[in-house]
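Please keep the sequence and the model in view while reading.

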Amino acid sequence: MVARTARGVLRCGALLAATLVLAGCPIPLPAGYEASSRENVPAEPLDWITVGATTREDVLLKLGEADGEAPDGSWLAYGSAYSKGGVVFVLFAGGSAAGAGSERIEYRRLIVSFDDRGVVSAIDAVSRDCWEAIVGMGSSGAQSPPCLKVDSRE
Amino acid sequence: MGGEVTGLPRRASALILVLLGACASTPFGQPDLLTFIQDDQTTREQVFLALGEPSATYENGRILTFRLARDEGGYFLVEKAPGFRSVKYSLVLAFDDEGLLRRHSLVAIKAP
C-alpha cells in the first residue's frame, strides 16, 4: 500500500516535471555571485598567509569579517557561491505560475585555523561545483541545499 | 487666446513635477562617516559612539568589524543579517590593549 502510494507520488512528480519542461517557457539564469555571497575568496593559493607567522588580525584586515567562526575562535571560515548559470522552465496558467529548473554553482571555502597565540596553524581551501535544483509554485519556492557549507567546517 | 497657458495645464505640470521629484532618491551615505578613523589616535569609545554596535567582534572584542555600502553621498552602515546581501565593504579595526586603534582596513568584499 505504502509502496503503491510512493510510486503514485513519484509518478505525479515526474509528470509535473515533464509537463513543465515540455510546456514551460525556458528562462536562462545568468552567471554571477549569489546576492548574499562575498566575492573576495580567491581561487588561487593565498601566498600572503604564512603558517606560523600570519596572525588572525592580519587575516581579518585582508579578507574582512568572516562568514563563520569556531565558538572558541580557533578557526575562521570565508566562503563564496558563484552561479555559472542555469535554466528554469516556467509554466503560466490561470494567473499563477510554477517552475522547475537547475543551476550550476561553484562554492569556495577557506578555513584558516589559529593556535592559542592567534597565529595561523593551518589553511584548508575547498572548491566544489554542483548542480542545484530549483522548484517554485505561486509565491513559494525551494532550492536544494548547498553541496558545500561555506560558513562552517561541515 | 494663442500661446496663453491656462491654469489647468500649469497645475498639472506642477503635479507632475512633484510626482517626479518623489521618485528621486536621497543618498544614505555620509561623506565624513569614516574620516575620524586614524591609527594611533582613534579610541574604541569614539568608534562605538560614531558607528554603534559592530557586526562582529574577535579576540574578546579587540578586533571589530562593521558592514558598509556606498552611494553618491558616501559610505553608510548596513544592518547585520545572514550572508552579505547589500554589503560592499567590511571595515576592520584592530585596537591595542588600551583601546587605541592600532591598524585598520576597509576591505572590498564585493566587486565594485
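Two residues are in contact if their C-beta atoms, placed from the backbone, lie within 7 Å. The model is predicted.

- Strand β4 of chain B covers residues 89–95, and because seven of its seven residues are buried, the strand is largely enclosed by the rest of the structure.
- B:Y89, B:L91, B:L93 and B:F95 point one way from β4(B), while B:S90, B:V92 and B:A94 point the other way.
- Both sets of residues are buried.

**Partners of strand β4**
- Six bridges pair β4(B) with strand β2 of chain B (residues 63–71) in the antiparallel sense.
- Within this topic, B:F66 has B:L91 of β4(B) as its bridge partner.
- Strand β5 of chain B (residues 101–108) runs antiparallel to β4(B) and is joined to it by seven bridges.
- B:S105 in β5(B) stands opposite B:V92.
- The hairpin of β4(B) and β5(B) has five residues between the strands, and in this hairpin B:G99 takes a positive phi near 85°.

**Residue B:L51 of helix α2**
- Helix α2 of chain B spans residues 44–51 and includes B:L51.
- B:L51 has 19 C-beta neighbours inside 10 Å, so it counts as partly exposed; a buried residue would need 20 or more.
- Apart from neighbours within four places in sequence, B:L51 is in contact with B:F66 and B:L77.
- From C-alpha to C-alpha, B:L51 and B:G74 are 14 Å apart in space, with a separation of 23 residues in sequence.

Technical notes: Residues numbered from 1 in each chain as written. Chains lettered and ligands numbered in written order. Predicted model: local features only at pLDDT ≥ 70, side-chain atom pairs only at ≥ 80, totals over all residues. Buried ≥ 20, exposed ≤ 12 C-beta atoms within 10 Å, placed from the backbone. Helix = DSSP H or I, 4+ residues; strand = E, 2+ residues; numbered from the N terminus. Pairing = 2+ DSSP bridges.
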